[in-house]
Amino acid sequence: MNDDSRMLSWERRTTVPLFVASLLFLTSYAVRVLVHDLSPGWDDLWLLVTAVTWASFFVDYAVRLVLSGQGLRFVHHHLLDTVVLVLPLLRPLRVVQMYTVLKERQAQARLSLYGRVMAYASVTALLLGFAASLAVYQAERGAPGASIRTFGDAVWWACSTLTTTGYGDVAPVTPRGRVVATVLMACGLALLGAVTGSFSSWLLQVFTREDEKGPSER
């Protein structure tokens with residue numbers, strides 16, 4: 001069995017477990033941030049769930065690195081996986097990746113290229129916005145002079161940041177909050193560019209087809 005077949009075999013076996021781990025990570029993180037009166041025992045339990053799910057991502061990454069036989073080239077070819085390990089904010093994006101693999105395994109009809117871009121960008125924006133809201137709320141809620149005091153404030157801030165609107169009525173003041181903001185702004189620009197480019201390309205194709213039709217076909 002060559003490296004590629006072993007890699008594919010591993011990915012097939014771990015798709016569902018890692019999909020579940022991604023959901024558990026987001027759930028455990030949300031519970032620990034939003035539920036303020038957790039008992040020490042429950043807090044430790046959810047912290048353990050967070051740690052175990054992160055460890056599952058690390059083990060999967062390490063195994064695929066070895067099975068690929070690519071060495072450091074694997075890091076370059078799998079940038080999303082690499083970044084996910086480093087930045088907890090982006091770990092929920094594994095849900096999008098695993099969902100894509102599951103749909104392919106089930107041989108379900110795929111959307112057009114433009115439909116997939118729009119759908120995946122929407123899901124990614126939703127997950128990123130939620131995760132960023134949690135992260136910035138956790139960092140800001142007790143900080144002196146902070147304008148983000150509630151989770152609702154954090155959600156409003158995440159929406160205005162992701163859409164590159166940036167009203168400025170609420171903004172992070174802590175170093176960790178500003179790091180989250182920087183990542184979210186970069187992701188927002190990337191998502192906006194992907195959606196705008198895809199939509200523009202689709203419109204050009206539609207207009208081109210219309211121009212190619214004869215007057216009697218219109």
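Predicted model: local features only at pLDDT ≥ 70, side-chain atom pairs only at ≥ 80, totals over all residues.
Local features need pLDDT of at least 70 and side-chain atom pairs count only at pLDDT 80 or more, whereas totals for chains, interfaces and linings use all residues. Residues are numbered from 1 along each chain as its sequence is written, and side-chain values use heavy atoms, with hydrogens and water left out.

Helices (DSSP runs of H or I, at least four residues) are numbered from the N terminus. The largest nonpolar core has 24 residues. Such a core is a set of buried Ala, Val, Leu, Ile, Met, Phe, Trp, Tyr and Cys residues joined through side-chain atoms within 4.5 Å. Buried means under 20% relative accessible area, exposed over 50%, and partly exposed in between (1.4 Å probe, protein chains only). Leu134, Ile148, Trp157 and Leu184 have the most contacts inside this core. Two or more residues come from each of helix H1 (3-34), helix H6 (113-140), helix H7 (151-162) and helix H8 (175-212). H6 gives the largest share, eight residues. Leu184 is in contact (heavy atoms within 4.5 Å) with Leu128, Ala132, Trp157, Ala158, Thr161 and Leu162, leaving aside neighbours within four places in sequence. A second, separate core has nine residues, including Met7, Phe57, Tyr61 and Leu67.

Helix H2 (residues 40-68) packs against helix H4 (residues 79-86). Their axes come within 10 Å and cross at roughly 145°. Axes are lines fitted to C-alpha atoms, for helices over the stretch in contact, and angles run from 0 to 180 degrees between N-to-C directions. The crossing is left-handed, that is, the near helix is turned anticlockwise from the far one by less than a right angle. From H2, Trp54, Phe57, Phe58, Tyr61 and Arg64 take part. They meet Asp81, Thr82 and Leu85 in H4. By class, the contact has five nonpolar, one polar and two charged residues. Here Ala, Val, Leu, Ile, Met, Phe, Trp, Tyr, Cys and Pro count as nonpolar, Asp, Glu, Lys and Arg as charged, and the others, Gly among them, as polar.

Asp43 also lies in H2. Its relative accessible area is 26%, so Asp43 is partly exposed. Asp43 touches Arg32 and Leu38, not counting residues up to four places away in sequence. The C-alpha atoms of Asp43 and Arg32 are separated by 6.6 Å, although the two are eleven residues apart along the chain.

The count of disulfides (cysteine sulfur atoms within 2.5 Å) is zero. Cys159 is partly exposed, at 43% relative accessibility. Cys187 is buried, with a relative accessible area of 18%.
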